[in-house]
Every structure is written in structure tokens, then in C-alpha cells.
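I opened a new page for this chain today.

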Amino acid sequence: MKTPKIIGLTGGIGSGKSTVAQQFELLGVPIYTADNEAKKVMNYPESLTAIKNSFGTTIFDGTILNRQKLANIVFQDPKKLQQLNKIIHPLVEKDFQLWIKNNSLSPFVIKEAAILFESGSDKDCDKIITVTAPLSTRIQRVMQRDKTDYESVLKRINNQWSDEMRTVKSDFVIHNIDLENTINQTITIFKELTN
């Protein structure tokens, strides 16, 4: 069975990965959003048990995982973040492999992941697209989207690779400053990947 090419789509928080993913989706490309799938995977019984064993019961409200409490822990401590990723990433990877089989007729698919490089998922990609935006723009976007404060956003940004680190290892870079320009860059890349 022919497998589609895997195109990694990444970028720091607030860079506009989802905006670019939506554009590719409009062009008919199947999109796998790793961050959304990770949220689902976190609720698997085996995930919850592993999280409870690693982080204790204080981050649970009864049997329900309190994501905010967990986020407060992992975004303060890179080692704790790694610990969480070790639980979640193998399960997301298994889910992704299944998803690929279901999209085997597409010439290429896009795997959108905030921590594509950090998780080592870049090794499975045929090409990589990084989305960038000025730091101040990214912070503003996330503060508005997540109703959070400047410091919290900066902490999350500092836990991710820098744009420079990502772009060096990418095949394409989309500068997401204004939508029309972003759409044009996306279409150009789509044409190149389709040929």
C-alpha cells in the first residue's frame, strides 16, 4: 500500500500554525493536529494512570485531570514537561500511524505539531514547514486567545525551540504577519509539494 508523503507543519505558540493548516485543508490536504490528538490521548485510562503515578493526585479533581494544574507544573519545569511528553507522545504516534492508513490515497498529508522537533517527530517527515511571526505579535495572539497574561505566554514560548532553531531545519518558512500574504505563501508551497 502506498503511503502519502508526510509534511510536518510547526511553529511556536501564536505563530499561526492553525491558520496555515486551515488554508491547506481548503486546498484538500488532510490535516492531523497532534496537539488536539494529544488532548484526547491524555484522557485514555493508561495515560491518566501514568500521569497520576508521575505527578501525583493533586492535579486531579476527583477522577478528572485538571489540565491547568498540570500545565502550571510542566511549563515551570522542563524536566516535568519531558516526563509528560514521554507518556503522551508514543500514544499520539500510534494514533497518527492509524490515521495515515485512513488517508493513504492522498499524495501528501500534513502533521501539525507545536513541538515537532522537540518530540523527534521531524524524523518521520518528508518535508517541514515552519510558521513564524514577530514575538510581540505571537504574545498578543496567545494572550487574546487563551485569556492569559504576558508572563505565562513568555514561559510557554521559552519552553519551545526558537524560530531560528526551527527555520534552519525546515524546507519552507511561512512568515505569518497578514492573512493575504500568508495565504499566498501557502498556495506557493502547495503547488511545489503537488508537483
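In which strand is His175 found? I found His175 in strand β7, residues 172–175. I use DSSP runs numbered from the N terminus: helices are H or I with at least four residues, strands are E with at least two.

Before going on, I note that this is a predicted model, where local features need pLDDT of at least 70, side-chain atom pairs count only at pLDDT 80 or more, and totals for chains, interfaces and linings use all residues. Residues are numbered from 1 along each chain as its sequence is written, and side-chain values use heavy atoms, with hydrogens and water left out.

**His175.** His175 counts as partly exposed because its relative accessible area is 45%. The cut-offs are under 20% for buried, over 50% for exposed and partly exposed in between, with a 1.4 Å probe and protein chains only. Leaving aside neighbours within four places in sequence, His175 is in contact with Thr132, Thr182 and Gln185. Contact means heavy atoms within 4.5 Å. I also checked His175 against Gln82: they are 93 residues apart along the chain, and their C-alpha atoms are separated by 29 Å.

**Thr186.** Thr186 sits in helix α9, residues 179–194. Is Thr186 buried or exposed? Thr186 has 0% relative accessibility, so I list it as buried. Its side chain reaches the backbone oxygen of Thr182 at 2.8 Å. Beyond neighbours within four places in sequence, I find Thr186 in contact with Val20, Gln23, Phe24 and Ile174.

**Cores.** In soluble globular proteins, nonpolar side chains tend to be buried together. I looked for nonpolar cores, meaning sets of buried Ala, Val, Leu, Ile, Met, Phe, Trp, Tyr and Cys residues joined through side-chain atoms within 4.5 Å. The largest has 29 residues, and Ile51, Phe55, Leu65, Leu70, Leu84 and Ile88 have the most contacts inside it. Helices α2 (34–41), α3 (45–55), α4 (67–74) and α5 (78–102) each supply at least two residues of this core. The largest share, nine residues, comes from α5. Apart from this core lies another of 16 residues, including Ile31, Phe108, Phe172 and Ile189.

**Leu70.** Setting aside neighbours within four places in sequence, I find Leu70 in contact with Met42, Ile51, Phe55, Ile59, Leu65 and Leu84.

**Pocket.** Last, I listed the residues that line the second largest pocket; among them are Pro78, Gln82, Lys86, His89 and Asn159. A pocket here is an open set of points on a 1 Å grid over the protein atoms alone, where a 1.4 Å probe fits, with protein on both sides within 12 Å along at least five of seven lines; lining residues have an atom within 4 Å of a point.

Definitions and conventions
A polar contact is a pair of N or O atoms within 3.5 Å; within protein, one must be able to donate a hydrogen and the other to accept it, and residues adjacent in sequence count only if both atoms are side-chain atoms.
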